[in-house]
Structures are given as structure tokens and as C-alpha cells.
Amino acid sequence: MKTIAIEHFNVSYSKTISLALDKIKANEILSLHDLILIKPNLVQATAPPVTTPVECCEAIINYIRGCSSSDIIIAEGCGAADYDTEKIFDELGYSEMAKRLNIHLIDLNNAKTILLKDDTCHVFREFHMPEVAMSHFIISVPVLKAHSLATITGTLKNMMGFAPPLNYQAGGYWKKSLFHNRIHESITDLNRYRKPDISVMDATVGLCEHHLGGRVCDPPLNKIIVGYDPYEVDRIGAGLIGLRWEDIPHLNNKY
């Protein structure tokens, strides 16, 4: 079975994402699951391409409903200290979409957690993980961006939304600031505990300098990347914005 697909953006998210997911036979996998969690990148209330477009997630929901009767939720835990996730859901159109499609929205920053342990991890030998991460099939939906600390923010870093601020804010502005001291090792540890099952990377535009704004890719990248291996997805994304994945510690198996 093909495990990754790169589709040129064609007309709409609905058409492009369906074509890409069909290429990896995602319909067969999704039909096996009763509980599915869609995880966009909504770090703060800034419009795309800083955040995942609501239209992208709606296309994924419609695709799932075409092959599965599973219960679907959208879950995020924002990083900005001056916003809560529900406000971002409201401002970026997710609340309206969820109501229209009868989808539940979950704020991961306040979700019930369980304690996981892994002595092989470098930073987090224990991790407070939201229960929904372990009960649901996860579709990570990042937007492709350069990052000031992690070099790239893709599907692996997108999983930081699952880190509750109660346990992972250590001063500073960002609600997940404990990750920032050893960012590459922290991203690696987090994905040892729980990595996405499928990734749908929105690389239709691309931010080539910074994750919160700045210069966009010119011309736009016009790509949707889907795959089962999040490392492979992020490595392809890195190349699209002119980065060598071999130089990015959390992508080169250094940890």
C-alpha cells in the first residue's frame, strides 16, 4: 500500500484532499475506526497560513463521512497565553463549522489527562497526555511553516497541542514553554508517547521564514501532503521550503 502522497492543489480542499487520501487508501483505514480526532494547528487567532484553514478540516470531515460512521471531534490546545482555545475556535470559523456539521470541539488545554511513562525519553520520562489522544485515531492537520526554534513546524510539532499548560508552561508567554528549552528532544519525546496516525499537511501557501507570520512562499507551494509516517511527511515539507531535513535534529533520528 502506498504510504504517502503529494497532490497539487486543484480547485478546492475537498477535491485535492480526497484525491490525496484515496492514493494512500485512507478510506480503508478510516472505516475501521469508531473514534477519530482531527488536530489542526491553531496556535493563536491569526488567519491562514499561520493557522490551519477551517475549509481544510471540513474537507477531511466530509471525506471521513464518506467512508465511515465514526464519531469525529476536532481538538486543539492553543499556545498563546492571551487566548483560550474556544475563542480561537470562534474567531477562525471552527465553532460555526462544528455546529453546522454536528462536530464536537475539544480544548486540549483543559482535557482530562492520564500519566504515561517511558524511561527511554530524553526530556519527558513522564507525560501528562489527554485521554482522547489515546482513545482516538488521530489525523494531524498542520500548515507548513518555518519555525524560529524548531526550524520547521509540521505534523510532529503540531502534536504539542496535546501538552496541557498546567504541566508544560514554565514561565514566559507561551502555554507550552517547557518544550522550548530542548525543543527537538521534546518534540521527539512527545511523538514517542503519541504520534499521528495520518497526517494531512496543508502546504498550499507555506511560511518560509517564521511560524507566526512574515514572508510567504512565492510562488505558493500549492501542495497537500498526506501520509502515515509523520517523519516522512515533515521531511518532504522541509524540502519544499528549502530546508535540509538532515540538519533538523527531530527529523534526522538524532534522538
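1. A polar contact is a pair of N or O atoms within 3.5 Å; within protein, one atom must be able to donate a hydrogen and the other to accept it, and residues adjacent in sequence count only if both atoms are side-chain atoms. Such a contact, at 2.6 Å, links the side chains of Asn109 and Lys176. The model is predicted: local features require pLDDT of at least 70, side-chain atom pairs count only at pLDDT 80 or more, and totals for chains, interfaces and linings use all residues. Residues are numbered from 1 along each chain as its sequence is written, and side-chain values use heavy atoms, with hydrogens and water left out.

2. Asn109 is placed in the loop between β4 (104-107) and β5; helices (H or I, at least four residues) and strands (E, at least two) are DSSP runs, numbered from the N terminus. With a relative accessible area of 10%, Asn109 is buried, where buried means under 20% relative accessible area, exposed over 50%, and partly exposed in between (1.4 Å probe, protein chains only). Contact means heavy atoms within 4.5 Å. Neighbours within four places in sequence aside, the contacts of Asn109 include Glu76, Gly77, Cys78, Thr85, Gly161 and Lys175.

3. One joins Pro48 and Pro49, with omega about 10°, and Pro49 belongs to the loop between β2 (35-40) and α3 (54-65). Another joins Asp218 and Pro219, with omega about 5°; Pro219 lies in the loop between β10 (198-207) and β11 (223-227). Most residues other than glycine have a negative phi, and most peptide bonds are trans.

4. Positive phi values occur at two non-glycine positions listed here. Val11 has a phi of about 75° and sits in the loop between β1 (4-8) and α1 (13-23); Val11 is exposed, at 68% relative accessible area. Lys25 has a phi near 55° and is found in the loop between α1 and α2 (26-30); Lys25 is partly exposed, with a relative accessible area of 41%.

5. How many of the eleven residues of helix α9 (residues 183-193) are buried? Ten are, so the helix is largely enclosed by the rest of the structure. Among the buried residues of α9 are His184, Glu185, Asp189 and Tyr193. Their cover includes β5 (113-117), β6 (126-130), α6 (131-135), β9 (151-153), α7 (155-158) and α10 (230-240).

6. In α10, the buried residues are Pro230, Tyr231, Val233, Asp234, Gly237 and Ala238. Viewed down the axis of α10, they fall within an arc of 160°, so they line one face of the helix; the arc is that of the directions from the helix axis to the C-beta atoms. An α-helix has 3.6 residues a turn, so residues three or four places apart point the same way. Asp229 caps the N-terminal end of α10, with a side-chain oxygen 2.9 Å from the backbone nitrogen of Tyr231. Just after α10, Gly242 has a positive phi of about 80°.

7. Nine aromatic pairs are found in a search of the whole structure. The ring centres of Phe89 and Tyr94 are 6.2 Å apart and the planes lie at 45°, so this pair is tilted. Rings of Phe, Tyr and Trp (its six-membered ring) pair if their centres lie within 6.5 Å; planes under 30 degrees apart count as stacked, over 60 as edge-to-face and the rest as tilted. Phe89 and Tyr94 are both buried. One aromatic cluster is formed by Phe124, Phe127, Tyr168, Phe179 and Tyr193.

8. Arg235 lies over the face of Trp245, 4.2 Å from the ring centre. A charge sits over a ring if NZ of Lys or CZ of Arg is within 6 Å of the ring centre and within 35 degrees of the ring normal.

9. The structure holds zero disulfides, a disulfide being a pair of cysteine sulfur atoms within 2.5 Å. Cys208 is in no disulfide, and its nearest cysteine sulfur, that of Cys217, is 4.4 Å away. For Cys67 the closest cysteine sulfur, in Cys56, is 16 Å away, too far for a bond. Cys67 is partly exposed, at 22% relative accessibility.

10. Met97, in helix α5 (residues 94-101), is buried with a relative accessible area of 0%. Its C-alpha atom is 7.5 Å from that of Glu58, 39 residues apart along the chain. Apart from neighbours within four places in sequence, Met97 is in contact with Val54, Cys57, Glu58, Ile61 and Ile74.
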